[in-house]
Amino acid sequence: MNLTDSALTGGDIPLEHWLIGISLSSTALIVIGLYIPCIMAFFDKDLRSFDAYTFMLHIGVFDLIQAVMHFISGILTIVPYDYPKHSFDWIFGGMVEAAWEGYISLSVVLAVNRFVQMAMPKRVDQFFSPRLIKLYILLAYLYMLAWLVVFYSNACNFVFNKNIFLYYFDFSMPGCGLAYDINGNSAYIELAIMAVCYTGTVISMKSMLKEMRQGTAEQRNAHRHEIRTTLQLAFLFLLHLLIMGTWTIAPKYITMTPYHFFAISLLWIILNGSNPLIYLLFNPTIRSKIRALAGKTEIRTTTVLQFRSDI
């Protein structure tokens, strides 16, 4: 398949591009709409003191940045290239890729947090003190910033390819090949770390289940809630693994058409929206806080939140 957009430079946009562009932007708007109330809930004074919600807040920021850039990609799919060609591609493409890097790096920290909480609960304060949590979050933003510097330099830029509906490395630039390799390999390493952590976390749940039988009613409720939330995060990791695998493997084994690329792009936006969807469907604490923000009666969560169980 021709991966250039030379066929679209005459200003005529096919109907399929209108439909695909509207679909991409609409899906991104849905993701943004799902995330905003979750982000607002994470600022609740009760939730801000718990590790997992703190990480989920900043993971949400990275997700929102990506969703906004995907919304713009839908617009770029529709508009003709009569405007100065690729004038803003390097800005939007670099931002979405850098936000992804920040997102996955902080997701690794959250996976480690879940493992320590389940396997070594007595060491939680040692590895995830309030000061260290702030440091981990700062490093994630600095990691994103470092990639932005690379992507906004003269070494590597992005272009938006209208034929495949996504931002793509401009391999005509000297540093893009190296950046592409580092980008892909680091993602594999981070996913491997997450896989190890969540596997260990699930195995370690046996000991927490044993503690549940020996603890008080309040402790059992806290442990039960934490296990449920950890399983939600493990499911989200598996979803990430599935979509990233599809993104990486599919082009190698099937003849990609524009519709295949559209499906992959849509999956990536859905991946951004999977976090708030799972939160809203299966996390009663977040739903309770959102209800309170909407002026409705808040469901009491004191039993869960009075423990330093991160959830």
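## Annotated spans

In this predicted model, residues 20–43 have end C-alpha atoms 35 Å apart. The span is 96% helix and 0% strand. For residues 133–152, the end C-alpha atoms lie 29 Å apart, with 95% helix and 0% strand.

Both spans carry the label "transmembrane region" in an unreviewed UniProt entry. That record also gives the label to residues 55–78, 90–112, 187–209, 230–249 and 261–282.

## Packing of H1 and H2

Helix H1 covers residues 15–42 and helix H2 covers residues 51–78. Their axes come within 8 Å and cross at roughly 160°. Angles over 145 degrees count as roughly antiparallel, and H1 and H2 are therefore roughly antiparallel to each other. The crossing of this pair is left-handed.

By residue class, the contact of H1 with H2 holds 22 nonpolar residues, eight polar residues and one charged residue.

## Packing of H2 and H5

H2 also pairs with helix H5, which runs over residues 130–151. The axes of H2 and H5 come within 10 Å, and the crossing angle is roughly 15°. Since angles under 35 degrees count as roughly parallel, H2 and H5 are therefore roughly parallel to each other. The crossing of H2 and H5 is right-handed, whereas that of H1 and H2 is left-handed.

The largest cavity has a volume of about 110 Å³. Its lining consists of Ile59, Tyr103, Ser107, Leu110, Met194, Tyr198, Leu233, Leu236, Phe237, His240, Asn275 and Tyr279. These lining residues divide into nine nonpolar, three polar and no charged.

Two or more lining residues come from each of helix H3 (89–119), helix H6 (176–214), helix H7 (217–253) and helix H8 (258–282). H7 gives the most, with four residues. Leu233, Leu236, Phe237 and His240 are in the lining, and their positions fall in the H7 range of 217–253. In the same way, Tyr103, Ser107 and Leu110 line the cavity and fall in the H3 range of 89–119. Met194 and Tyr198 are lining residues within the H6 range of 176–214, and Asn275 and Tyr279 are lining residues within the H8 range of 258–282. Ile59 is also part of the lining, and its position falls in H2, residues 51–78.

Key. Residues are numbered from 1 along each chain as its sequence is written. This is a predicted model: local features need pLDDT of at least 70, side-chain atom pairs count only at pLDDT 80 or more; totals for chains, interfaces and linings use all residues. Side-chain values use heavy atoms; hydrogens and water are left out. Axes are lines fitted to C-alpha atoms, for helices over the stretch in contact, and angles run from 0 to 180 degrees between N-to-C directions. Angles under 35 degrees count as roughly parallel, over 145 as roughly antiparallel, 65 to 115 as roughly perpendicular and the rest as oblique. A crossing is left-handed if the near helix is turned anticlockwise from the far one by less than a right angle, and right-handed if clockwise. Ala, Val, Leu, Ile, Met, Phe, Trp, Tyr, Cys and Pro count as nonpolar, Asp, Glu, Lys and Arg as charged, and the others, Gly among them, as polar. On a 1 Å grid over the protein atoms alone, a cavity is a set of points where a 1.4 Å probe fits but cannot get out, and a pocket is an open set with protein on both sides within 12 Å along at least five of seven lines; lining residues have an atom within 4 Å of a point. Grid points are joined across faces, edges and corners, and a volume is the space filled by probe spheres set on the points. UniProt positions are given in the numbering used here, feature names are shortened, and annotations may be inferred rather than shown by experiment.
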